[in-house]
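The following note sets out some points for a colleague who is looking at this structure.

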Amino acid sequence: MTCPDACVCFKPALQVTTVTEAGQGPALAPSSSRFLMDAGSACALESALTLRELGEVHHVICISVAPKTSDPALAWCRAAGADRVLRVDVPSNANLNTRATVALLAECIQDTGAGLVLTGQRSIDESNGLVAASLAAILDAAYLSNVADVQILEGEVKISRRIERGHRQLWNARLPAVVAVDPEPKNYRYVSVANLALAKNESVETVAPSTENLKLISQHMGQTKLTPGRVRTRHSGLPAKGGTATDRMQAMMGTTSKTVVRPPILRGDIDDLAERTLAFLKDKGLLPKSGE
Amino acid sequence: MPDILVFAEHRDGEVEEVSLELLSEARLINRSNNGNVMAVILGWGVSSMAAELTAHGANKVFAADDVQLEHYNPLIWLETVSGLCQRQTPDLVLLPATTTGEDLAARLAVRNDWPLYSRITKIKFQRNGIQVVRPVYAGKLQETITGITSPTCLVTVTPGVIGMRPAENIVDVRLIPLDVVRLADSSIKVTGFVPADPRNLDLNEADVIISAGRGLGQAENVAFVEELAQLLGGAVAATRVAVDLGWLNKKSQVGQTGTTVKPKLYIACGISGATQHTIGMKESTTIVAINTDPTAPIFNLADLSLNCDVLQLLPALINQYKNKYKVADDLP
Amino acid sequence: MENAIENAGREILGNIPAIHQAVFYTIAWLSLAVFAAGILIRARLWFLGRCSPFLPMWKFPAGALIDHLRGFVLHTFIQPRLHTSTTGLAHVAIFWGFFVLFVGTNLVFLEHSTPLSFLHGIFYLLFSLTLDIFGVLMLVGIGVAARRRFNNRNMPDQVTGYGPALTLLALIGTTGFLLEGARISLLGSQWYSFSPVGSVIAVGFELAAADKSWLVAWHRSIWWLHALLTFFFIAYLPFGRLLHAITAPFHTLVADRKPSGVLSTPYRLEDIESGLLTTVPPRVTADLHWIQLLSFDACTLCGRCDDACPSLAAGRPLSPKDTVSRMQQLTHQGKTAIQNTPLEQILSPEAAWSCTTCGACTQVCPVSIRPMDLLIESRRSQVTGSRVNQGMEKTLRHLQNTGNPFGFNPQTRLAWAADLPDDIQPRLLEPGLKCEWLFWAGCWGSFDERGQKVTRSLATLLARAGVDYAMLGNEERCTGDSARRLGEEGLFQQMAKGNIERLRQHGIKKIVTACPHCLNSLGNEYTDFGADFEVIHHSELIAMLIRDGSLQVGQEAETDHDGRRVTYHDPCYLGRHNGILEAPRQVLSALPGTSMIEMDACGKNSQCCGAGGSNAWFDLGLGDGMNASRYQQAETTQAEVLATGCPFCLSMMEEAASATGETNAMAIKDIAELIEEQTHPRVIAGAND
C-alpha cells in the first residue's frame with residue numbers, strides 16, 4: 001500500500017503587538033499585522049515530518065489560506081522540511097470566516113490528493129475549533145481531535161489523544177482523515193535563522209482560489225467587535241492571581257497598569273497553617289473530589 | 001423563552017464541576033425567561049447523577065446509561081446528542097471546553113450546520129439574537145459577536161470561568177432515558193484507553209505538582225512529598241539540586257535545564273526560588289511556597305506563602321487531609 | 001703541525017666509486033620524488049577545504065605576518081608546550097638532533113655539488129662537533145622515548161606507528177655515527193676531538209679490522225646502509241606518523257593566531273539572505289577551512305589535549321584527541337568522504353555537546369590545533385539539521401523572542417535596580433547623552449537573582465567612585481554568546497548586528513562588564529562584524545579605580561576580616577581566553593585583612609566550572625560534577641572565601657557549595673561584592689526582601 005501524502009493546514013497567526021484607542025474605540029495597530037507560525041501549526045507540521053521520516057507518509061505539503069504578507073511565516077515550513085508550501089491567495093484585508101477558510105482549504109487539498117490532513121487543534125480559525133471538523137465533512141474524512149501521537153499503518157491512522165489528567169484515548173480510523181494535533185507540549189524542531197533565510201529566498205507556490213469560494217469570504221453570522229482583553233476574576237470571590245513574576249517586577253517598576261496583589265507571608269502554628277492551606281486549596285477547587 | 005441544553009460530563013461517578021457551572025448559567029439565563037433547561041449525560045452508571053443535575057438547574061435530564069458508553073466514543077455521542085437536539089430543538093447548547101466537549105461540539109456544529117463559538121466568557125439573549133463574548137489573540141483582545149440567529153447555537157465554556165452557584169432544593173427529578181444509537185458505519189473505532197500512571201505522571205500533563213527542593217534536607221524526607229502528591233492526585237517534581245543529590249531522577253527536574261510546567265497547582269517544598277528553577281514553573285496557575293527563609297525569592301511568585309519548616313508542615317498537611325477531606329477508601 | 005686549521009675538512013664521498021654514486025643519486029631523487037608525491041597527495045586533500053591557500057602575502061597586515069612567524073618560530077623550534085614533561089623534552093632533543101643533522105647533511109651536499117666551499121677550517125671543526133653533539137642528543141631523546149614506550153607498552157592508548165618510526169630514526173642515527181667512525185678510521189683525522197663519538201668508534205673499528213681492506217668494505221657497507229635507511233625514511237615520511245615533521249611546522253606557520261575564545265565565522269548571514277549562498281555551511285569536512293584540514297594531519301596523537309580536558313575528566317564522552325583523530329582518519333578516506341560525510345557522523349553529537357569551550361585543549365596543543373573549534377563545527381552542522389534537544393531549543397527560542405536566554409520579558413531588564421537608592425541608580429543612555437563608559441549588565445546580571453546582586457554591587461562601586469557611566473537598560477540584548485556556542489551562527493550574527501547598531505547609534509566606544517562571556521563577544525568576536533569597542537572586565541576597572549584613589553578600600557569596613565583567606569577561580573573566558581589574570585588578583589590583594597591563596601590549577605591552568613559552551617542552558621545528563629570537582633580543588637586551599645569574576649562560575653560554584661550540604665561551606669563571592677563590602681557599609685535597602 002502506498003503511503004499517503006500529508007497536508008498540514010494552517011492560517012499564519014496574526015500577531016497582536018499593540019492595541020491603540022482610535023476615535024471610535026480600540027483597533028489593531030498597523031504594527032500588529034505581522035504573521036507568525038503558531039505553536040499548534042508547528043506541532044502539526046512536526047507530526048507530519050516525523051511520519052515522513054518513519055516512512056509512513058510520502059510527501060509533506062503545507063497549505064495556507066492567507067495574504068502575501070504571510071510568506072515569511074510560510075518560509076518557516078519550508079525551512080523545517082516541508083516538501084511543498086502552498087498559499088491560497090486571498091486579499092490582505094480579507095476577513096476569513098470558517099466557511100470560506102474550509103472551502104478554500106478543501107479545494108486545495110483535493111487538488112493535491114493527500115490522504116492525511118493535519119492541523120493544530122485551534123490554529124486555523126479564530127480558535128472556534130470548527131474548521132478541522134468542517135474540513136473533514138467536506139473531504140468525507142474522519143475527524144480526530146486533540147491528537148498526541150499519530151501512526152499510519154496500511155491505510156489506517158492510529159492515534160492516541162490526550163485528555164484531562166494525563167489519560168490517553170486510542171482511536172483508529174480509515175484514511176482519509178483530518179487530524180487536529182494537540183499543541184501542548186510544544187515539541188517541534190528548531191529552525192535555524194540561516195535555514196529560515198534560505199527558505200525565504202524561495203518563492204511560495206501560490207494557488208488562486210475559485211471565484212465562488214472567494215465570495216464566501218466576509219460572509220459573517222452576526223457582527224463582530226474587538227475590544228481590549230481583561231484580566232478574569234473568579235466568581236468564587238478570590239482576587240485575581242497576582243500575576244507572574246514578570247508582572248510583579250513590572251509592578252515594582254511602575255511599568256504595568258495591572259494591579260498586582262502580593263499575598264502576605266504566613267507564619268505561626270503549624271497545624272493552623274496546614275488548615276489554612278487546605279482551605280485555600282479547597283476554595284480554588286484544587287483538592288481532588290472525595291472518593292478518589 | 002430560550003430552551004437550553006447542557007451537555008454534562010462526569011468522572012469517577014461524580015458530575016464534573018464544569019457541568020454544574022453550565023447549568024447554573026443556564027438557570028440564570030432562564031430565570032427571567034421561563035425556558036427549559038435540559039441536561040444530557042452519557043455513560044455507565046450515570047442515571048444516579050440526575051439528582052445532582054436537577055439540583056443545579058435541570059428541568060429534565062436525558063441519560064443514556066449503558067456499559068458500552070463507559071468511554072467517550074465520538075460517533076455514538078454525536079448520533080445520540082444530535083438526535084436529541086433534533087427532537088428537542090434547543091435554542092442554545094452549552095458544552096464544556098474540555099477535550100470531549102470541544103470534540104463533540106465541533107461534530108454537532110458540522111453535522112447540523114449550526115454556529116459554534118468556543119470558550120466564551122459571556123452570553124446574552126438579546127432581541128436581535130444571541131450575543132457572545134470571547135477572548136481572542138491569546139486574551140489580548142475580546143471579540144463580541146452580536147446578532148446570532150441560528151435555530152440552534154452551540155457554545156463551549158472553559159471550566160472555571162463562570163463559577164458554580166449553589167444547589168437548590170430538588171423539587172422533582174425528571175429522568176428520561178435515552179437509547180444508545182447503534183452505528184451502521186464507524187469510520188472511527190475506539191480501540192483503547194490508557195489511564196495515566198500516577199507514579200509516572202508526565203509533568204507536562206499533571207494538573208497538580210508537588211516539588212522537592214533542598215530544604216527537605218535528605219533523601220528520606222522526599223517520602224513526604226510523594227505521599228502528599230499521591231493524596232492530591234499530583235506528580236512529584238524536583239529542583240536541580242535535589243536531582244543532583246540523587247533524591248529523584250532527571251525526569252522529575254523542573255527548571256532551566258529540566259521541564260517547563262504549567263500545572264494548575266504547584267507546591268514548592270523547601271525551594272528557594274532561584275531563577276534557574278522558577279523559569280520552569282512561573283506560569284503555574286496557583287503557587288504555594290513553603291520555606292524557612294522569609295527572604296526566599298520563591299515568595300515573590302507564590303499565591304500562598306508559608307514561612308515555616310517544610311518537614312513539619314508536610315506531615316501536618318497529610319494528616320489533616322486524611323482526617324478531614326479524604327473519604328477513607330480502604331473500608332471493606 | 002702539518003695540517004693547519006685552515007686545512008681541516010673532509011673528503012666527501014671519498015670511498016665511493018662513481019657507479020655507486022650514480023646509483024646513490026638516482027635513489028636519492030627517487031626517494032625525494034616519492035616524498036614529494038606523498039606530500040602532494042595529502043596537500044590536495046587539505047586544499048579541498050574552503051579558502052584558497054594561495055593568498056597574496058602583500059594583502060596581509062604586517063602584524064598578522066609577524067604573529068604567524070612568531071608562532072612558527074616558537075612552536076616549531078622552541079616548543080614551549082613540551083617543556084612540562086620529560087617526554088616532551090625528549091621530543092625537543094629528538095627534533096633538534098634531527099634538525100641539526102638534517103641541516104648538516106644538506107650543507108655537505110651543497111659543499112659537494114655546488115661551487116660553494118665552506119666546510120673547512122674552524123667552521124668545519126665546529127660543524128663537526130655540533131653534529132656529533134646533536135646526534136647524541138637525538139639518540140638520548142630516542143632512548144628516553146623508547147624507555148617510556150617500553151614501560152607503558154600495555155597501556156591502551158599507545159599509538160602504533162611511532163615504534164617503527166623511532167626505531168628507524170635510531171638506526172639512522174646509529175649508522176650515522178658508525179659511518180663517521182668508519183670514515184675516520186679509514187681516512188684518519190687529527191682533529192678527532194671535534195668528532196668525539198666518531199673517533200671513539202673509529203678506535204673500535206681499527207682494533208677490530210684485520211687490515212685496511214676490511215675498513216674500506218665496512219665503510220662502504222655502512223655508507224650504503226645509512227643511505228638506504230635515510231632514503232627509505234624520506235620516502236616513507238609522508239605515509240606514516242612522521243608526517244607531522246612536515247605538517248606540524250607548516251601548521252604552526254599558517255595557523256590562525258586569534259585568541260582561543262574567538263570562534264570562526266563560517267559564512268555571512270547577508271550572503272544567505274541575498275541568495276549568494278545556497279547552503280548553510282558547515283555540513284561536511286570540505287566546508288572547513290583548509291588550514292583546519294591541514295591541522296588534522298599535524299596531530300601526533302600526543303594526548304595532551306585529553307589530559308587537559310575537564311569534560312573528559314568528569315566522565316563525559318568527549319575526547320579532544322579522539323575528535324582530531326577521527327577527522328584525520330576521515331581525510332585519509334579521500335575526496336568523496338571529505339566532500340560528503342556529514343560532520344555529525346564523524347563527531348558524535350554527545351561528544352560535541354559535552355564541550356564547555358574552555359579552550360584548555362587549544363592551549364596545550366604543541367602544534368596549535370584547535371579541537372574545541374571542531375566540536376563547535378559539528379554543533380553548527382547539527383543545528384542546521386534541526387538536531388538540537390529541547391533545552392537547547394528552548395534557549396534559542398527565548399533568545400529569538402525575548403533577547404535573553406532565560407525567556408524573561410525584556411522590559412524587566414532593570415528590575416535589579418528597582419530598590420537602589422537614588423544616588424546609586426544607573427543613568428540610562430538616551431540620544432545625545434555622552435558618557436565615558438557603558439556598563440553592560442549582561443543577561444545573567446540583569447535577570448538572575450544571584451547575578452543581580454553582583455550588578456548592584458558593581459553599580460554601587462561605580463557610583464561611589466564617581467565613574468562617568470551609563471547603561472542601556474531595557475535596550476540591552478544578549479550578546480549572542482550562547483547562540484554562537486550552541487552552533488546557531490545565524491542567530492548570533494543577527495544579534496551581533498543589532499547590538500553593534502544600537503551601540504553605534506549611542507556612540508559607544510568603551511564598555512565595562514562583569515561577564516567574561518559578554519567581554520569576549522563584544523570585544524573580540526564582534527570585530528568580525530565591523531565593531532571596534534574597547535571592552536574591559538570590571539576587575540580591570542576596579543583595579544584602575546583603586547590605583548588612582550577613586551575607590552578607597554578598607555576605610556569604612558563594617559566587618560573585621562583579619563586573617564580571612566580568599567582563593568580565586570580564574571574563569572576560562574577571562575583568564576585562558578583573554579589573558580586577564582593580574583587585575584583580579586590586584587583587586588583581591590587590596591582587600592584588608594585578607595590573604596590570597598592560589599589553587600594548584602590557577603591562572604591559565606584554571607579548571608573549567610562546567611557552564612561554558614552554553615552547557616548552562618541544557619543538560620545532557622552525561623557525567624557531571626565538573627563544578628563539584630573544581631569546588632573540591634578550591635576547598636583544599638582551606639580558604640573561607642572563593643572569589644571569581646564570572647556569573648556562570650559564580651552560579652556553578654554556589655551550586656557545588658550548597659550541594660555539599662556543609663554548613664560552613666565556602667562563601668562564593670564576586671570580586672565586586674568583596675570590594676563593595678570594604679568600601680562602604682551596605683545601604684541598599686530592600687535588596688533581600
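1. Two residues are taken to be in contact if their C-beta atoms, placed from the backbone, lie within 7 Å. On that basis, residues 24 or more positions apart account for 62% of the contacts in chain B with a separation of 6 or more. The model is a predicted one, and this should be kept in mind throughout.

2. Of its 332 residues, 52% count as buried.

3. Where chain B meets chain A, the contact draws on 84 residues from chain B and 72 residues from chain A. On the chain B side, the elements that give two or more residues include helix H4 (99–112) and helix H8 (310–325), together with several strands, among them S7 (116–117), S9 (129–136), S10 (141–148) and S13 (188–194). Which element gives the most to this side? That is S10(B), with eight residues.

4. The composition of the side of chain B that touches chain A can be stated by class: 40 of its residues are nonpolar, 27 are polar and 17 are charged.

5. The two chains are also joined by strand pairing, in that strand S11 (residues 168–174) of chain A and S13(B) pair in the antiparallel sense over six bridges. Within this arrangement, Arg168(A) stands opposite Val194(B), which belongs to S13(B).

6. Turning to chain C, the assignment divides the chain into domain 1 (18–44 + 61–251), domain 2 (264–384), domain 3 (398–547) and domain 4 (564–679). The C-alpha centres of domain 2 of chain C and domain 4 of chain C lie 29 Å apart, and the contact takes 16 residues from domain 2 of chain C and 17 residues from domain 4 of chain C.

7. On the side of domain 2 of chain C that touches domain 4 of chain C, the elements that give two or more residues are helix H12 (310–313), helix H16 (349–354) and helix H17 (360–364) of chain C. The largest share of that side comes from H16(C), which gives three residues. By class, the residues on this side of domain 2 of chain C divide into seven nonpolar, seven polar and two charged.

Key
Residues numbered from 1 in each chain as written. Chains lettered and ligands numbered in written order. Predicted model: local features only at pLDDT ≥ 70, side-chain atom pairs only at ≥ 80, totals over all residues. Helix = DSSP H or I, 4+ residues; strand = E, 2+ residues; numbered from the N terminus. Nonpolar A, V, L, I, M, F, W, Y, C, P; charged D, E, K, R; others polar. Pairing = 2+ DSSP bridges. Domains from an automatic or database assignment. Buried ≥ 20, exposed ≤ 12 C-beta atoms within 10 Å, placed from the backbone.
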